[in-house]
Structures are given as structure tokens and as C-alpha cells.
Amino acid sequence: MSLAYYPGCSLHGTAREFDESMRAVADALGIEMTEIDDWSCCGASSAHSSNHLLGVALAARNLALAEAEGRDAVVAPCAACFSRLAMARQEVAEDEELAASLPGILERPFDNTVDVLNVVQLLLPYAESIRELVADGPGFSAVGQMKVASYYGCLLVRPVGVAGADDTEVPTTMEQVASACGAQPVAWNMAVECCGGSLSMSRTSSVVRLGRAIIDDARRAGADAIVVACPMCHANLDFRQVARAEDGGTVPVIYLTQLVGLALGIDAEKLGLNRHFVDTSPLLVELADRATSAEADAAAKAAAKATRAGAVV
Amino acid sequence: MSEMTEPTTEFEPRITAFVCNWCTYTGADMAGTSRMQMASNVRIIRLPCTGRIDALFIIKAFERGADGVIVSGCHPADCHYTAGNYHARRRFIVFRELLSFMGISNERVIFSWVSAGEGAKWREVVNETVERVRALGPFTAYHELASRQMVGGAYETEVELPDVREAPAEAGGAS
Amino acid sequence: MTELQDLARKLLEDGTVAVVIGWEEGRRGPRPVSITEPDDTERLVFNARCVHNLATYLDPRRSQVRKLGKPAIVVKGCDTKAVAGLLREAQFKREDVVLIGMHCGGVVTDPAEQTEVTAETVAPRCAGCDVREPHRTDYVLGEARVEPPQNTSIDERVAALDAMTADERFEYWATQMEKCVRCYACRQACPLCVCDVCVADKTVPQWIERAPHARGNMSWHLVRAMHLAGRCVGCGECERACPMDIPLTLLNRKMQQVVAESFEYHVSDDPEVVSPIGAFRDDDHEDFIL
Amino acid sequence: MARIGVFVCHCGENISRTVDCSGVAKALADHPGVAVSMDYKYMCSDPGQNLVKQAIEEHALTGVVVAACSPHMHEKTFRRAASQAGLNPFVVEMANVREQCSWVHEAGPATDAKAIDIVRTIVEKVKNNAPLETVRIPLTKRALVIGGGIAGIQAALDIADGGAEVVLVEKEPSIGGHMSQLSETFPTLDCSQCILTPRMVEVYQHPRITLYTHSEIEAVDGYIGNFHVTVRKKARSVDERLCTGCGDCQAACPNRKIPSEFDAELGTRPAIYVPFPQAVPNIPVLDRENCTLFKGRAKGREKDLCGKCKEACLRSAIDYEQQDELIDEKVGAIVIATGFKLYTIGREQPEGLSGYPEYNYGEIPDVISGLQFERLASASGPTGGRIVRPSDGTVPKRVVFLQCIGSRDPEKGISYCSKICCMYAAKHTMLYRHKVHDGQATVFYMDIRTAGKGYEEFVRRAIEEDGADYIRGRVSRMYRDGDTVKVVGYDTLAGEPAILDADMVVLCTAIRPHKGNKNLGRKLSVTYDQYGFISSAHPKLRPVETTTAGVFVAGACMSPSDIPDSIASASAAASKVLGMFSGDELEREPTVAIVNERTCIGCFNCEKVCPYGAIEHIDVCNRDNEICGHVARVLPGVCQGCGTCVATCPSKSVELQGFTDEQIFAEINALLTW
């Protein structure tokens, strides 16, 4: 399965750490992905809300480029890019006229044969291999102690039929990947609540209010960190959270690829964990202590069992 | 047949429908109560069950110049008489192959299950059959069989078939 | 031959049967004969030219045969299938008939001209015959025979017709139907056509037009083929009896194929095997039904 | 020569709007065999029917064709009118120019031509109609009622009071159905047990009612007036004759933690149990799946475990070796009253339905169904009538009711309205307010449907006097928030979100028919709709009859019904049964098959295809009286007139009266004569 990599504007900009961790994890897991040569904007929000054909054509151009490079699927970590590419692919498949008109518009052949994957769909089949790699690692890893609340937002599970096979209301795929990393997913209620999305600029107060509800629910559920797989969710939860720190405690927000990276033992710096607004380093330190004390307890318990077994004999 | 309306350019097929009283006839009624407009080429003959629909009816319909025949009744397991449609299905599996072997194209004989609640499906069956038979054109061949003269007809046909036993060379020497 | 004659004499002499129906040499090949006197039994013969299906003489409607009393008839394997067909439709009880089965190595197509079974002369019905040694008969005479050469022309002719378009087939059958003179010899020869008043003879209502034009004839042969679907044993007597050489066995052969494909039913010589008429399965195929 | 009267109806303007009725009448006037041909605005009205009667007398008609609506509508009406005028009803036929012509085609020459064709076809048919006499068959004046809920009980009592014997079969250990699980019933708020249990006792003591509980229908065959029913009386492990219902065995049973079906899994019951105190019959049933003794036997243990109930029983009525019993009953009529069950919002759903992921598939504590709330509110319930939260037993101060859960929601596979939830939700808010004075009930609804007598006032009282807070809007999400439930809804009237914290949420889930209706339908060849509700013969005109003669239907098994509906339809079904039993013999449509014994060759293919076994063998003797063959003969009482034998008979020796070959031949000819 030869994969094309479509970073999109945010992974080269505000979400650099998502791109860095994605590449690091891909290398660690041996996933070859080559960035599409001369990829262009996916038409997110601004284009498709103004002109339908423009929105589809912009996304289709990248699909056509990947097709030309003979790829089977395009990996689009950013949920918005994923949604635009997947929607374009679906609409072209269902509308013959659109499919017939596109090659002319794009001035290149386009048969719509390339599949589109988001980061969760990419990593899910690798859950087993992640589990084995984590098992080889240190017995009591920091990630092993981490309680995570996985946040899907909207575009990863909707619209139905386009966004992959997960349940739109009670999704579980991110939890599966997180538990493969050894982390402990927590049961919480805000997995698919709205984070405010593109109102980040126009209605910041609403975004902060919605973000605060999500963060409070995560903290109440005892999560150490919130795991996301979309730069927009990350921005609204991480950046906006710092702006109103006085409302209550903060919770670090990390990408799914960063969690997997940590589990695979990749250095936090390389994963871009230092780039977040809510500082992640205290959490990493605390997790390390927890791991050592957990290791110590385990050792002590084992020793006690041994003495008791010894006494009996 | 009423006097033909003035010959419109388009061929208006004449289709006879043999339908069962409990399901398809009631389904057609329901299409009526829901005012579902449909082609008016189909003439319905009501029978208690598809089990009652005999191959002779279909032959007689083609003899009398029907361009298409619809046979429709209850879905399996819904038959008011529990098994009429199963016997009918088995009978029509055989009869349909025989008609096609005799050269009467299967496109002209349409079988369907339409339940009492499927008025929309009955309209579909009617409209689809009318279009399908209109595309095939009129089926006068069966009716005009009567006027084919035997004089020399059969013996000059060059229809070659492997190993068809040659009729004796001169006509009438069939002893 | 003497084995058959001695058995016939014994059956007539000790009165188990009143008549023995078999073949005797005739002017243009063996012909059916019913023997009531023990002395006449040496006229009985049996060879590859005995193509007739004597089961037709068990039809209760043939009162002149019934008047002669309890019959014994000489049957080949394929004839026993016709006997089973009649038993399946309660036309007579098995204990009222004595069946003298003959080993058969295939029969010729035209008994008048042909004498020996060769690749050219073997009858199409003998292809794939599984009853060279008849089952369920009271006696089995003669010795086991090897499989005759296979003449599968009838299947090829059916396939050739299948390959045609509907209109070509219609043209082919229309020309054949023109020849039919409605002498009903095919009905008379067929062992399974046993109705007192045939539907073709009914005039109120006249479902099948009685005029011998191609349309009436096509309707008649359509109904005949429908009535024999799942019953016809393929003995070919109808085509042999037809004075106008209409290839009737093609119709019946096609029906045999359809019944075999759709209902996995092969006409059997065992009367206990239920015929497909009146039996149905929930999963009969209905891909042609909207 | 036939003298046929043709009467073309305008049906107000339903026909005349697109069909030239007078033109059709004129076209038929000079059709050979037609004595009189006229059109009239309302043929089925009294003056219309009188037109037919006068024409029969004036023109000595031998046949009548009414070109109007479908025979399913008024064939009976015109046949009755004709017979009143002395003409045999079976020479009267309807030509369907309304449902199958005027309503489905535009006005125009083609439509008129079609209407003329339809009428001409039926005229040709009627020329061949023979006058027929109704068939009389013997009748067993006993009725079978399937299902012992309120509908079954009412039907059984009415039929028995009407003088006929009744066999009542109930699947559960006791009759009473869902009504016995209710606390109080709307709109009168009278206690369900108080109005139901006297009826149940009446059934038990009624001399003409034979009651089988813990039993099911094994097989039914035969036909109207002569059904032969096999009832499977499942083993109770208790000898009914000896048991006095003292309850010692229940007290002795150690295995008490089995979730009680009667209490909708809120309470528990022992392995040997009587579902509720007022159960009729008050005889326990041993639940062999959960009983330790039978589980041991299932694992193949030789020595039996436990056996406490047998020890405790002074009358030694407990019998572990008791087996199922098959009982044969002969009945003349059957009433189906199998009731309903509730839709659940969980993950596993039967084919065609889907659950509620929005409410986390119901896996939230303190989210219960309406029936469970009834059990909480019921004095005989698991909490003795105290409304408490199933999770921690505390009294909920804020209860939220959600209407239309599953109902009116094609996405979930149920498009119909379940009719009773609006009323019982209001009732629940009242019961809640009466028991928890400082509690606040909130109801999320789409439309409140209270069309019954006193229903609207009932709901207004719940809102105005008992302070129920009604919010029009649906709840989009529900999740557990600490130990309360966060209900995220929207108030469409106020135009703002309505997000509440609830201590308890009650879901008014949809009514669904029992899965058993499908195979019951197969056994009685009764049709059912796509949801599984039994279909009635005609939704408006024959609601309590089914397409199978002699089989009637009542209660919620045909569509969602409240108690008044069930009672009404049960009494309606009972009156139909009693009407049927009024004569000594049953009169049946004479559209049955007849064999022409001269041309029948006795092949009995007809017997092979007859679904009802209506063919018998009769001997044929020759002149000196020896049997020389057999021919077929049709039993007029058994034959239902499907005609499969007619199409199967090669020699055309069997004819179906009413649809004879001559009639159909005439119809084909009329349609297509070249």
C-alpha cells in the first residue's frame, strides 16, 4: 500500500509539532509516506463555503497529483484536510458530470482511484505492532501511567459514510490506539462535543466557554492529558485554555502521534512536545516519578511475596 | 377492443395483467387511493390467486394480440392461500423457458410480486412494462401465425440445423 | 429370444396373465403384438429394432387392451420410466401388471431401414442411458449389454436453437408449426398422454384453437410440452409417430433440461420419487420475478 | 340471450372528473347482451341501489355490472341489493373504473377507452356467471383466544357471556398482560389492579372458559368453523390440582436473585415464583433455566441438588418430572390478542431497527423505561410504591421524561406514533408529584397527542396543577455527569438550549408487536405489516377481522392501543365471533372448486397442490357395481377457492365457481379480440 503524505497548511505552520511527531512515528513504525510534490490548499472552510465546485476542485487537484504518483492512499493528518479530501472523493464518485468536468478544470487526468486516510485510520492497523514495541520497552514507562481523554471533535467521525467507520456518538478508535500505547483511556462525556471550530477568531468568548466545559469534564474524569488528532481542536483547547488560566486548572493537550511517539520512546523534544502553550514538561516529570514509584511498589510487593513464600517452606 | 384512438405516432402497447385478488389487485387499488398516475395501457384481469393463473391464459392473450403480459401476485409466504404463489412460481419457471425456447421473448412476459401495501411498486411494474414493451414494438407475429400459408412454406426454409433429418426431396412424399 | 418365449408361454399357461404384449416381426421391422394363446408366443422377438414404448398399452383408456385381462408387457429400461410415470398418477396398480424387463444395448433410430446399432443409427435417447438393466421389473431377461455409441445430436440441436435469437427461434418453430396437421398421432403414441377428454378437444371454452393453422398448432404444442414437463421420459415415440417430421423431441428435451436445472429432478423409474408437479421448495429460484 | 344491466357511477366526481361516465354508459348500451346501460352520481347510495333494483324488475335482468369502485369496497353492497330484488347475487360484478382507472390516469380518450374496456370485460364475464347458492358447513361453537392481556380477557368474557365456550391460551404464568404491571391508569387514575383483577378472577371462575397459562399455540389447521388447534401446555413442575397457592415453596427457594420479568428487571424473584400477588391462576411456575436442581440435571448430575421447594410443600404438589403436554382443541373461531412489547435503546437490535448512540445506548444508571417507572410507582412493585433511583435508592428531586423514544423516528426504523406515551408521561408526572411533593418533573415532547375522552384535560391538569414543566424539543445528548445525568436538549419555543441536570430520566419507548406474531401469522396464514403488527382485512371497514375467515384480531397486536382501545376492539372481535356462532351452520361464499367426475382421470395432481387438503378420493363403479377406478371430489367446506387445482389439472376437469375458465376466456376475448 503506497502512501502519499498531505501535511496541509497548518502542519507547516501553527501545528508543526503534529507534522514532526507524525514523521517520527512513521519512521519508528516503518510507514513510508512521501509528501505529494507541489500539493496545494485543500480548500478548507473559506473555499467550500463560498463555491462548491472550487472547494471540490481544490481538493481533487491533490488527489489527482497523488494518483499521478501512483499512490494507493493519501494520509491527511489534519482533520479538516481529511474531511475536504474525503468529501471531494465521495462527491466525484456519486456525480458523473462533476467527475467528467474535473480533468478539464484541473488540466490533468483524474480517475478518483486514491483512498483518503486520517491519522487514526492510519495508526489503527498498527495498534498491534505498537503494543509489541511498547512491551519491549521499559516495564514501567511514563506513558503507562498516563490517563488520557481522547477527544475526536467533529470531522473525524462525521459526516457518516465519509469520515470512516467509527460510531458517530460513542467512538472508540482513538481509545484503541491509546491503550495499545499502554495509556489508560478514561470514560468521559465530551469526546464529540464541539470545541468552537472556526469561531476561534470571530466568537472567541464562545470558543473559550466551550473549551472550558471540555477541559473541566476531562479533569473531572481524572485525565492527565487530552489527546486530539486535529490542529483546530488543539488550537481551541490548548491555546485558548491558557488565555483564561484563572478559570481553573489546566490540562495539557497533545496529539495522538505525540502519545504514540512517547510510547515508542522517541525523545519529547523531537516530538515537539515543548511547543504547546500548556507546558507538558511538568506532566512528563510527574509521570516519570509515578512510574518509578510504581516500579518500587511492585518490587517491594514481589520481595514481600518471596519472603512469605520463603517462610512457608 | 375499442376503436383504436387515432394512430398516435408512438406505438401504444396493449398489455394484459393477470393479478391475484388479495395482494396485487389490492395493491393496485392502493395505488388508486394514493392517486399514483401510471400508463393506461394495462388491462387487469382479477383471479383469486396466482396459483389459478394457467399457462393457457398467457397463450390465449398472445393469440388474441396482446403485446405484453404481466403476471403478479403475493410475495412468497404472504399468499392468502399459503402456497398458491409457490406452485405458480414453479409453473412459471418452466413455462417461461418454454416460451423463450419457442421464440416468444421473455421481455414480453413480466412476473412480479406486489403486496397489498405496495401501490408504488405496482405503478413501477406497470410503467416499466409499458416502456419495455413499447421499445420491443408490437407483437403481431403470434397473431399472424394463423395466416402463414403452408403451401411450400415449410419445405423451402433454408434454416440449417445440424442433423435435422432431411424431409424427402419432393414435396408431399411424407409417407 | 427363446427365454422370452418360454417365459411368455409359462405365464399364459398357468394363467398369471391373460395377455403378453411384446414385439413380433413385421413387414417394416418389429411391431407390437398382444398374444393370448400360449402357442403364439414363439412369434415374440426382441432386438435393437424394438423401439416402441409398450407402456402406452397400459393406458386405462385403451379399453380394447383392458378387455383382454391382466397383461404382461415386455419393457426396456426407458419404458419402465413411463410405467413409473403412470403409477405415480395412479392410472393402475403395480400388482395388476407383470413387467418383463429386457437388458438393452441401445435401439436404432428408424426400425424400418436400420437393423444394427452403430454410431450413425443409434437413437438419441440411448445417450447417457442409466437403465440398460431395468429395475423394479418382475423378470429381467437377456444378458448385460455394453454401453452403445453415444448420439448426443438432440442436445446439440437444442443448443443450436438456444444459441439463436428469439425471433430466429420463432421463425424456426413457426415454419415447423405450419406443417402440423393436428392428427394428434403424437398424443396417441405418448404413454403419458392418458386423458379421457384432452384439453385440445374441449370447445367450451376452446382454449386451444382447433384449426390446423400455425397459431393453433403452436398453442397445442406449447400446452403438450407444458403437460409433459417433468413427466416425459424422452422415448421419442411422438417424433417417430409424427407424419410431418416435426422435431417434437426438441421441445420435450428442453423441458427435461429446464426441470433438471431448476428442480434437480431427473425423470426416474421409481414411482416413489415425487414428480416436481405439486412439489415446491421455498428457495425455488425467482431471479426473473421483479 | 343475456340481459345485463350496466350502471356507471360518477362516485361524486371521483370517477367523472377523468372518465366520461355517460360516454361509457352510451358505449355499453349497444354492446350485445346489454339490456340497459345508465350512469348515476352515487350508485352505492340508496337511490343508486334502487336504480339497480328497479332495472332488475323492469328489464328482467339476468346479470348486473356496476362500473364504480373496487369489488373490495362495494361488491357485497350491490350483491345484497340485487338479491333483495330477486336476482342471484353471484351474477353481479363490479367493474373497477375508479381505483384502477379514473384515479390513476389523466382525463382523455385513452382513459375513456380503458374505462370502456374494463366494463366490457366484466360484462363478458357476467354473461358466463352462473347463479350460485351459498355453501353451508357445520360449525363448532367454541372460540380460541390467543393472549391473556386485557384484550384477551375482555374478548373471552364477552364470548363466554354470549353463550359460547372459550379456550384462552396465555404464554406467561398468569393472565393480566402489561395492564397488570401498571400502577394507576389514565385518565381516571384508578388503580390498575383494582379494575383488572376482578376480570381475571371472572375468567378463572367462568364455567365456559378453559384457561391454559404458561402455554403456547403449537399448530393450527382446518378452516373457519372447523379449526383444529394443538396447545403446548409447558411444564410448570407444579400439579395444579393439588396446589393451594399458599406460597411456602416460594419462601423456601434459596435462589432468590433472578431478575423479575414482571418488575421489568428492577426487582428480583425466586426460581419458583408467582409473578405478582394477584396472579390468576395463583399457582407458581418453576423456572427450569435458573433452578439449581435443573441446572444440575442439565450438567448431567445423577443426585439432584436443592429440592427445597418440594420439601416445603405440605401437599406435595411439586413434581420435577412433569413434562410439556400437547392438548387438542376443536374451535370454530380464533381471536388473536397477543399484545405488545417495548422498544429498547440498547446496542443489539432486531433486524431493521437501531438503538440510541446519542443516549450512550442507555448504559447510564438512573435512565429507565416508562414501564420500569410504573413498577417503581406500583404498590406491589419492588420498592413498594416509593419512587427512588435504581442506582442508590435516593429519592430523585428532578425527573426528566423523554417522549417519542423510537416512535415517529424513521432513522430508528419505527415511523408510527405509539399513541399512549403522551398520556402515561403526564400520568407519571402526577404520580411523581403526589409522592415527591418538592420534586420537579420536566417533559421533553414533540407534539402532545391527547385525542381521547378527557385526555386533553388530563394533561392540562398535570401541567397547571401538578407543575409539570413541558419543554417542546428533543434531547440531543445525554451522559452521566457525576451521579446525576446531564440532559442536553433544546427548547424550540424559547429558541435556546435546555440543558438540565436530572436525578432520573424516564424514556417513553415505542410499542412494538411480539416477534411471535410472524410465525403465528404463518400458522394461521394471516398477513402482518412490515413492523410485525397483524394486518386487518380492511383498515377502516373491517378493523377486527383478518384476511383469513374465522380469525379475528384485538388489542395492541394490530396497532398501538391504550386500554379503552383494547377493550373496544376486544368486544368488537367478540361480537364478530358471536355473530358467526348465531346460526347453526356457517354460510360460506360458494366460490369453491367442483370436479367434473366424468372427465377426471384420477391422477390426483390436484390433491398434491391443494394447500387445504380439500380433495378426497371417491370410487367409480362400472355397470356391475365393481370399483373400476377413483376420481377426485372437492370438499366444499374445506375448499377456500384459490383455484391452484384448476390450473394444475391437465384435462381441465375441475372448475372454480366464480372464476371459471369460460369467464376468464370471455374476459381475455373482450380485452383483446383483434
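**Cysteines and a sheet**

Author: Over all chains the count comes to 1 disulfide, taking a disulfide as a pair of cysteine sulfur atoms within 2.5 Å. This is a predicted model, where local features need pLDDT of at least 70, side-chain atom pairs count only at pLDDT 80 or more, and totals for chains, interfaces and linings use all residues. Side-chain values use heavy atoms, without hydrogens and water, residues are numbered from 1 along each chain as its sequence is written, and chains are lettered from A and ligands numbered from 1 in the order written.

Reader: Which cysteines does the disulfide join?

Author: Cys23(B) and Cys74(B), at 2.3 Å from S to S. The torsion about their S-S bond is about 100°, so the disulfide is right-handed.

Reader: Is Cys74(B) buried or exposed?

Author: Cys74(B) is buried, at 3% relative accessible area; buried means under 20%, exposed over 50%, partly exposed in between, with a 1.4 Å probe and protein chains only. Cys23(B) is buried too, at 6%.

Reader: Switching topic: what order do the strands of the chain B sheet take?

Author: The order is β2-β1-β3-β4, in an open sheet with parallel pairing. Strands are DSSP runs of E, at least two residues, numbered from the N terminus, and two of them pair if DSSP finds at least two bridges between them.

Definitions and conventions:
Helices (H or I, at least four residues) and strands (E, at least two) are DSSP runs, numbered from the N terminus.
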